[in-house]
Amino acid sequence: MIDKKINKTQLCEKTKITTNAMAKLERNEDVRVETLVKICNVLNCHFIIWI
């Protein structure tokens with residue numbers, strides 16, 4: 001987020017995730033994969049899912 005110069009509020013707005021989901025991430029609690037995908041897309045991250 002620092003590299004993209006975006007704060008948590010802006011990230012929530014751009015990804016359309018709730019502040020509750022963001023809070024769960026901050027507390028290292030479980031979140032939906034869909035939430036992580038949205039964040040990665042906005043931040044232009046690359047990820048691999050192993051099944």
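**Close-up 1. Burial of T35 in the predicted model.** T35 is buried, its relative accessible area being 11% in this predicted model. This residue, T35, belongs to helix 3. Apart from neighbours within four places in sequence, T35 contacts I17 and A21.

**Close-up 2. The ends of helix 1.** At the start of helix 1, the backbone nitrogen of T9 has a side-chain oxygen of N7 within 3.1 Å. K16, which follows helix 1, has a positive phi, near 60°.

**Close-up 3. Salt-bridge network of R32, E34 and K38.** Salt bridges link R32, E34 and K38 in a network. Between E34 and R32, the closest N and O atoms are 3.7 Å apart; between K38 and E34, the closest N and O atoms are 3.5 Å apart. Both K38 and E34 lie in helix 3, separated by four residues, about one turn of the helix. R32 is exposed at 59% relative accessibility, whereas E34 is partly exposed at 43% and K38 is partly exposed at 28%.

**Close-up 4. Salt bridge between R27 and E29.** The structure holds four salt bridges. One of them joins the side chains of R27 and E29, at 2.9 Å from N to O. R27 is partly exposed, with 48% relative accessibility, and E29 is partly exposed, with 37%.

Definitions and conventions. Residues are numbered from 1 along each chain as its sequence is written. This is a predicted model: local features need pLDDT of at least 70, side-chain atom pairs count only at pLDDT 80 or more; totals for chains, interfaces and linings use all residues. Side-chain values use heavy atoms; hydrogens and water are left out. A polar contact is a pair of N or O atoms within 3.5 Å; within protein, one must be able to donate a hydrogen and the other to accept it, and residues adjacent in sequence count only if both atoms are side-chain atoms. Helices (H or I, at least four residues) and strands (E, at least two) are DSSP runs, numbered from the N terminus. Buried means under 20% relative accessible area, exposed over 50%, partly exposed in between (1.4 Å probe, protein chains only). Contact means heavy atoms within 4.5 Å.
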